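Here are a few exercises to work through with the model open beside you. Try each task on your own before you read its solution.

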Amino acid sequence: MTFKHICVSSVLGFSLLSSVGCAAPSAEMGPQLAGGSETAKWQQKWLYASEKNGLVFADKQQLTTLVPGQFEYLAVYQDIALTYDTQVDQVQGIKLDMGNMQRFPLLPKRSFQVEWLCLQPRLADQNLYAWIGDDAGHAEQWLLTTKQQWQPQLVRTLSVAMGALKCSVDSHEQLYVIDNGQGLWRYPAAPNSPDESELVVSLADNALSGLTLVSDSPVMLDESGQLYNQLGAKLNSPFAADLSLESVYVTGEQIKAYSDEYDRFYQGQWLDSVTTEKAAAELIKEVPTAVESAISDRAGDTMDDPAIWVHPTAPEKSLILGTNKRWGLLSFNMQGEQVQALGVGRVNNVDIRQGVNLGGKPRDIAVASNRDRNSLSLFELNPEGELTQLAEQATPLTDIYGLCLYQPHADELYAFVNNKAGEVSQMALRWQGGQLTATEVRRLTVPSQPEGCVADDKQQRLFLGEENRGIWLFDLAGDTSASYPQINGEMIIQEGGPLVADIEGVALYQTGYDDYLVVSSQGNDSYLLYQSQAPYEYVGRFRIGVNGSEGHDGSAETDGLDVTSQAVGNGRWAQGMMVVQDGRNRMPDQNQNFKWVPWSEISQLLELK
């Protein structure tokens, strides 16, 4: 790697090309005005953030103040600049237009003093995000623009390394942060990603001061001018060792760094590129959240599994049932408002069948697996969806977990309930003596822990997710006599490729011409569609993402889900819907809830036939 060292001198507090091979200057050229320590490229020219002159544009030897002010820190993406207004101590966005520069409304004052910032454009949702933070371990992610409109909203907070100085976000949605104590840190940066950290490069007691991305890989600078690659290896540097450098920028063949001691930028020629073994970032398409439910009443892992009840005469009055696995069953209307709550115990999974002929009349029945007593919590819903609890029924299992219902005929109803040991009990639900009773009629097994399952009533099949291995298919068409006939399952979809463990919620979307198996791929926060007929071909995948216009975040770490092909309203809801549990509720950080989207938007996104 070779460089040509260029020293640049100060004009109006900024440094422009002066001579080649010069030493650190002893005097400034031009007026001694405070410059800025950060710069960025815009329209192939350099912009500077100045605490004296505001936002300044450099064109050859000419400097022009575009936006007066006292600015520190600078990041630019397309026609948006983000800086920090030191007069009011607030983050300032600016619409870049040479004919009409526009200050956006300031971000609200933060509880910490912002000391670094960077931008994060996302292809998945076409939104622009930002990270801001300080050297005391505080960081925040903000949604800045939605549909190219300035609409700032706090997404989440994140604890980062003490002493954090600079940040950058790569195309794989990884946030990089440097500190002087330990080195280079990496954090997942997607809006609904987990709060995890990794020390990528350990450089103890370093003097790191600058961070940039070259070929999508981090390049670091220390105060002496030494450069380091993403592995911590030293790179050749064009800079003298006594410049007290604190920022670094690489564009094309040019490298630029700022000296706080001499209040100027120095630039050199970057003639090589940093090698990287990164694969191209795969874009998983996103459907924006349409509705989100009221949040759980307590923190932690609480919400788990939803089920859809379709109103018999007014689809827009349909309801979502959802388990709060700490204490009970909830219901929500189509606007996400909580309608009912029943404190029945630690129910984990729930399912519904409507219009089952039991006790001489059609009934809508909901059943939930209750972990308090290894039992089935039973409910009946009236024509408006109001829940009434029925007598609880025991199961033969211990440590029960997942559940789904099966209605092979109009007057037959079964529950499949499973436990962590891989046992699955098929329980016949019969109306006897004025109540719904449960009796085991068959026992199935899989090698390890299952949870999510769905029964295909018409074709008499059971799809069962084994969390770490894949999806099993059981043929249910055989006899269910008292002899407890054993049936063997077939592993039809194995974990791997797009399906990333844990395998959680499983559901069927069925119409006269569509027949899809929908699966929660919890390990990468996505949802997969397969053909539900052999050979069970993979159709596509998507995520549920941010809806900035409505102030909804996306979903992640999903446990249960449900889908229906029945109309749950007019327009976009006429093809049904999908509802999922959201394990990390953000915008801002809150307790868990459920998210739902119209099936029509999933169909359009994946170009389903």
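**Exercise 1. Aromatic rings**

How many aromatic pairs does the structure hold?

Solution. This is a predicted model, and the structure holds 13 aromatic pairs. Now look for a cluster: Tyr48, Tyr249, Tyr258 and Phe265 form one together.

**Exercise 2. The chain as a whole**

Describe the chain by its secondary structure, its extent, its burial and its contacts.

Solution. Begin with the elements: the chain has one helix and 51 strands. Next, take the extent; along the principal axes, the C-alpha trace spans about 100 × 45 × 40 Å. For burial, 58% of the 609 residues count as buried. Finally, consider the contacts with a separation of 6 or more: 49% of them are between residues 24 or more positions apart.

**Exercise 3. A glutamine in a loop**

Find Gln592 and work out which backbone atoms its side chain approaches.

Solution. First place the residue: Gln592 sits in the loop that runs between strand 50 (577-582) and strand 51 (593-598). Is Gln592 buried or exposed? Its relative accessibility is 6%, so Gln592 counts as buried. Then turn to the polar atoms of the side chain. One of them lies 3.1 Å from the backbone nitrogen of Met303, and the backbone oxygen of Gly583 is 3.3 Å from a polar atom of the Gln592 side chain. Leaving aside residues up to four places away in sequence, Gln592 also touches others, including Ile295, Ser296, Asp301 and Asn585. To see how the chain returns here, compare Gln592 with Asp297: they are 295 residues apart along the chain, yet their C-alpha atoms are separated by 8.9 Å.

**Exercise 4. Two residues with side-chain partners**

Solution. Arg363 belongs to strand 33 (residues 361-370). With 8% relative accessibility, Arg363 is buried. Its side chain and that of Glu380 are joined by a polar contact of 3.2 Å. Among the other residues that Arg363 touches are Arg353, Gln354 and Trp431.

Tyr414 is found in strand 38 (residues 414-419). Why does Tyr414 count as buried? Its relative accessible area is 8%, and buried means under 20%. The side-chain partner of Tyr414 is Glu412, at 2.8 Å in a polar contact. Ser425 is 11 residues from Tyr414 along the chain, with 9.9 Å between the C-alpha atoms.

**Exercise 5. The second largest pocket**

Characterise the second largest pocket by its volume and its lining.

Solution. The volume comes to about 890 Å³. Of the 42 lining residues, Ile352, Arg353, Leu508, Asp562 and Val563 are the closest to the centre. Elements that contribute two or more residues to the lining include strand 28 (303-309), strand 32 (347-358) and strand 49 (561-564). Which strand gives the largest share of the lining? That is strand 45, with seven residues.

Methods
Residues are numbered from 1 along each chain as its sequence is written. This is a predicted model: local features need pLDDT of at least 70, side-chain atom pairs count only at pLDDT 80 or more; totals for chains, interfaces and linings use all residues. Side-chain values use heavy atoms; hydrogens and water are left out. Helices (H or I, at least four residues) and strands (E, at least two) are DSSP runs, numbered from the N terminus. Buried means under 20% relative accessible area, exposed over 50%, partly exposed in between (1.4 Å probe, protein chains only). Contact means heavy atoms within 4.5 Å. A polar contact is a pair of N or O atoms within 3.5 Å; within protein, one must be able to donate a hydrogen and the other to accept it, and residues adjacent in sequence count only if both atoms are side-chain atoms. On a 1 Å grid over the protein atoms alone, a cavity is a set of points where a 1.4 Å probe fits but cannot get out, and a pocket is an open set with protein on both sides within 12 Å along at least five of seven lines; lining residues have an atom within 4 Å of a point. Grid points are joined across faces, edges and corners, and a volume is the space filled by probe spheres set on the points. Rings of Phe, Tyr and Trp (its six-membered ring) pair if their centres lie within 6.5 Å; planes under 30 degrees apart count as stacked, over 60 as edge-to-face and the rest as tilted.
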